[in-house]
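Could you walk me through this model, one question at a time?

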Amino acid sequence: MPRWCWTRSNLKEQMMDKVDVGKRILNANETYAMKNRRLLARYGKRCFNMISSPGSGKTTLLVRTIRDLAQSLRIGVIEGDLQTDIDAERIRATKAPAIQINTDGACHLSASQVNQALEKLPVEGLDVVFIENVGNLVCPSAFELGEDGKIVVLSVAEGDDKPVKYPGIFAKSKVLLVNKIDLLAGSLVDFDLDRVNTDARRLNKSIEIFPVSAKTGEGMRNWYGWLTDQVRSR
Ligand SMILES: Nc1nc2c(ncn2[C@@H]2O[C@H](COP(=O)(O)OP(=O)(O)OP(=O)(O)O)[C@@H](O)[C@H]2O)c(=O)[nH]1
Ligand SMILES: [Mg+2]
């Protein structure tokens, strides 16, 4: 039947098929997320899924965290990107192990991709595994990877309206890192930190919020304290 001849019931069937496919994808993902959870629990390791828009500073934050905590925490990273291993190379330059996943155009990492990466990472010798998800505030929030928690990064240059405009990821995250606060000096960027705190807490009462600069190191000590407590309490 030509497309323009679809009846209302044809359309409904098509939509239901799409819903079923979507459910099957999410169910398959949940099976792998469970496997990852079990693997990490068997070794007693923490795992955090870092999510943000492209360029908010995820890799820079990870590089600084790895270097500053080198004497106390062994950190490994799973890097998700559409293409290239630029970010994995930046992590490896710190001597921390990093596995790059290229999603070939997909806007998020799946739990099965993370499962394969976990098999290649020396998980036993680490204290914590970070997953740097593909730069995107929306898609990655729908896919559980087996992590202990999501860390959302928002840089001040993106604007203070993001919790309201993209509530899903702020509602689901354990931590909000408000990055690039060095740019607030001299009012180069208009950004109301109080508004972000209020809006993020309205969505998620228990979210921990750390304003930081991965460039200057300002505020990073509070983030390190939270991370170290998480690893110790495992
Ligand atoms: N001023 C300032 N610049 C920063 C800060 N953190 C990161 N940057 C810069 O922001 C740009 C993007 O940083 P990345 O760490 O590559 O960002 P990302 O989120 O990993 O990017 P994708 O992986 O592409 O999504 C780089 O030019 C960094 O030097 C910061 O705290 N302050
Ligand atoms: Mg990156």
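Here are some questions and answers about the sheet, a helix, a few loops and the ligand.

This is a predicted model, in which local features need pLDDT of at least 70 and side-chain atom pairs count only at pLDDT 80 or more, while totals for chains, interfaces and linings use all residues. Residues are numbered from 1 along each chain as its sequence is written, and chains are lettered from A and ligands numbered from 1 in the order in which they are written.

Q: Which strands are the edge strands of the open sheet of 7 strands?
A: Happy to start there: strands here are DSSP runs of E with at least two residues, and helices are runs of H or I with at least four, both numbered from the N terminus. Two strands pair if DSSP finds at least two bridges between them. The order is β3-β2-β4-β1-β5-β6-β7, with parallel pairing. Those that pair on one side only are β3 and β7.

Q: How many of the residues of β1 are buried?
A: A residue is buried if 20 or more other C-beta atoms, placed from the backbone, lie within 10 Å of its own, exposed if 12 or fewer, and partly exposed in between. Both faces of β1 are covered, with Arg46, Phe48, Met50 and Ser52 buried on one side and Cys47, Asn49 and Ile51 on the other. The count of buried residues in β1 is 7 of 7.

Q: Why do the buried residues of α4 line one face of the helix?
A: The residues in question are Ala111, Gln113, Val114, Ala117 and Leu118. Take the directions from the helix axis to the C-beta atoms, which define the arc. Seen down the axis of α4, the buried residues line one face because they fall within an arc of 150°.

Q: Which residues are exposed on the other side of α4?
A: The buried residues of α4 pack against α1, β2, β3 and β4, where contact means C-beta atoms, placed from the backbone, within 7 Å. On the other side of α4, the exposed residues are Glu119 and Lys120.

Q: Is Leu137 buried or exposed?
A: Leu137 sits in the loop between β4 and β5. Leaving aside neighbours within four places in sequence, Leu137 is in contact with Ser52, Ser53, Tyr166 and Ile169. Because Leu137 has 21 C-beta neighbours inside 10 Å, it counts as buried.

Q: Is Asp104 buried or exposed?
A: Asp104 lies in the loop between β3 and α4 and has a positive phi of about 60° although it is not a glycine. Asp104 has 7 C-beta neighbours inside 10 Å, so it counts as exposed.

Q: Which helix gives the most to the shell around ligand 1?
A: A residue is near the ligand if its C-beta atom, placed from the backbone, lies within 6 Å of it. Of the 17 residues around ligand 1, Gly57, Thr59, Thr60, Gly135 and Lys215 come nearest. The shell divides into 3 nonpolar, 9 polar and 5 charged residues, with Ala, Val, Leu, Ile, Met, Phe, Trp, Tyr, Cys and Pro counted as nonpolar, Asp, Glu, Lys and Arg as charged, and the others, Gly among them, as polar. With 3 residues, the helix that gives the most is α2.

How values were computed. Two residues are in contact if their C-beta atoms, placed from the backbone, lie within 7 Å.
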